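Here are my notes on this one, written as a few numbered points. Have the model open while you read, and take the points in order.

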Amino acid sequence: MALIHAVNLKKDYVNGDVVTPVLKGVSFDIAAGEFVAIMGPSGSGKSTLMHILGFLDRPTGGKFEFEGQDTAEFDDDRLAQIRNERVGFVFQAFNLLPRTTVLDNVKLPLVYNRGKKTDQTAAARQALEAVGLSHRLDFYTNQISGGEKQRVAIARALVNDPAVIFADEPTGNLDSKSGGAVMKILQDLNDAGRTIILVTHELDTAEHAKRIMRIRDGQLVGDEPVRKRKLASLERDLAK
Amino acid sequence: MNFIAELKMIAKGLLARKGRSFLTILGIVIGVAGVIIIISLGAGAQSLVLGQVTKLGSNLLSVQPGKSNEKGPPAQAFGIVVTSLTTADADALRDPGRVPHAAALNALVRGTTTVTWGSRTIDTNFVGTDSYYSQVINFNMAEGQFFGQQEGEGNANVVVLGSSVADSLFGNSGVDPVGQIIKVKAASQTEAGGVPLRIIGVVEKRGSSFFQDQDDQIFLPLAIGQQQLLGIHYLQAINIKVDSADHVSQTIDDVTSVLRQQHHVKTNTDVDFTVRNIADAVSLLTTITNALSLFLTAMAAIALVVGGVGILNIMLVTVAERTREIGLRKAVGATNKAVRNQFLFEAATVTFLGGIVGIIVGAVISFLASLLMHKLGYDWAFVISPLSVVLAAGVSVLTGVIFGLYPAFKAAKLNPIDALRYE
């Protein structure tokens, strides 16, 4: 059973009488444990596809099964629950809460996790250790570097032990060194069995994945494994 | 949602925008402080009125010339001079066969006067009355005595001073007022001179009652007041002390029938006098203060609504400013309900804080008002009822919830991607 099973997925944006098709019917499977890069120029529909796969948006046509369940039937609360428990997001702009410590930012998804009685602090510490930020727990988010911010965001995505992590241009706002450290962490997570779906417009970044799906004008124009996979530098940006 | 963590977040947010937070809660502070002050002053006024009733005695009747509506003000209040009440009426009412429960009765006239002792001159009020005054009204003498029957009815040239009049005339002169001669003339009289009167007593400090300073007046025999100061022959009022509260209504009937005979009144429309009792006056006063506090409460409620609109406004701005944060919270699993509750809780917390500040401000102002009233000589109690505090706190939270609803629903309805993309 595929983790994600998409058949003829469509998304139209309707603005008054004007209907703009953004996704014109894409079909693919993604299995658990894969590291997939969705690549395409801006306006190609790659971000829209990621939003649908990450339950931030709904398709207007086609079929999307997640872990064997048809997602068409899910209501808003169920979507919120899946976003909370089964997926994690890493955004280009980090999207950390201001005036809040690193530790509290990472705890945020746990706050919305009803039912599960976990030691929130222990779980957040563990996630921060996985991204090499154990020494920044009590720092405020305006006191750390961009690379560290993105690693906090990865820890936040990890903390609920999701089935898949979506990374939307995670290195877009970073210098190459910090970006390398972020890609290294994503590759390490994938090596440990985590499914990663990366959205990018740069081939260089996409080649860190194991498989590249190319999107152009709302259609899947290529889907193949990466032949010469790039491995991010082992040298981590832990200085400071 | 973790309650403490949420409170900390809100506190940080509020502190990060101190000026705006202050303006946000200002309306609530004013409204709540208003409610607290009004309720406190209302309770203070009530205790004052009740205290004065017990001081005067609730079984006191007052006969005034002129017909007037029971609940309305007396005819004199409109500047109408009614001359129908006379000393003969007072004498008729003193007949124990006709008004059996009248324990004591005094006739009186009032006016303003200028009093001179040596080089000192002051303006004050005078009461021209008979010796029975001291039996009708409860008070004590600081020194000397009130005029007796002989002096009162004999138009002796004697006078009794209120305590503040004695202080103004004789204070730090080292002279004992009793035995001194003062000159008394009507305030309207411009030429020098006046009636020389010998001081025979000073009344102990009484404070104010019914918004009149009881110490800033002098007492002199009725006929002197009528003839030499006012130049009139009629009475302005007759006070009657009833022997017990149970006989008040019967005595009102007795007084009415005696006066109708005296004045040859045949039909009700011809009645030219009014009998009032203190209890009625109190209920009139209570009606007025209640109406006033209702009005002021309405004003405070308007302030609260205006404060609520302020909250609505600021919460909408906050939701717009934090669109990205809302998107993020939804992306990591916040349900619509969780987002809605977060903003409702925030609005309620802000208004609750405003309520607390308002309660403190209101209590301080009420306390200062009570100090002022004490300074003015009123027996004013400082009362903050726990109920008013609970009410004010509850209303402020409710205001936050009501006016926070729309922004909170707006936040909850935000689409997570639109929210994340918002710049």
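1. Let's start with one residue. You'll find Thr20(A) in strand β2 of chain A. Setting aside neighbours within four places in sequence, Thr20(A) is in contact with Asp12(A) and Tyr13(A), where contact means C-beta atoms, placed from the backbone, within 7 Å.

2. A word on what you're looking at. This is a predicted model, in which local features need pLDDT of at least 70 and side-chain atom pairs count only at pLDDT 80 or more, while totals for chains, interfaces and linings use all residues. Residues are numbered from 1 along each chain as its sequence is written, and chains are lettered from A and ligands numbered from 1 in the order in which they are written.

3. Now chain A as a whole. It has 7 helices and 10 strands, which are DSSP runs numbered from the N terminus (helices are H or I, at least four residues; strands are E, at least two). Of its 240 residues, 48% count as buried. Take the contacts in chain A between residues at least 6 apart in sequence: 72% of them join residues at least 24 apart.

4. Back to the strands. An open, antiparallel sheet in chain A is formed by 4 strands in the order β2-β1-β4-β5 (two strands pair if DSSP finds at least two bridges between them). β2 (18–30) and β5 (69–70) of chain A are at the edges with a single partner strand each, so one side of each has no neighbour in the sheet. Strands β1 (residues 4–15) and β4 (residues 61–66) of chain A pair in the antiparallel sense over 5 bridges, and Ile4(A) stands opposite Phe66(A) in β4(A).

5. Where do the chains meet? The contact takes 20 residues from chain A and 18 residues from chain B. On the chain A side, α2 (76–85) and α3 (102–111) each supply at least two residues, and the largest share, 6 residues, comes from α2(A).

6. Finally, have a look at chain B. Helix α11 (residues 336–375) of chain B has 40 residues and reaches 58 Å from first C-alpha to last, close to the 58 Å expected at 1.5 Å a residue (the expected span is 1.5 Å times one less than the number of residues). Just after α11(B), Gly377(B) takes a positive phi of about 95°.

Methods
A residue is buried if 20 or more other C-beta atoms lie within 10 Å of its own, exposed if 12 or fewer, and partly exposed in between; C-beta atoms are placed from the backbone. Two residues are in contact if their C-beta atoms, placed from the backbone, lie within 7 Å.
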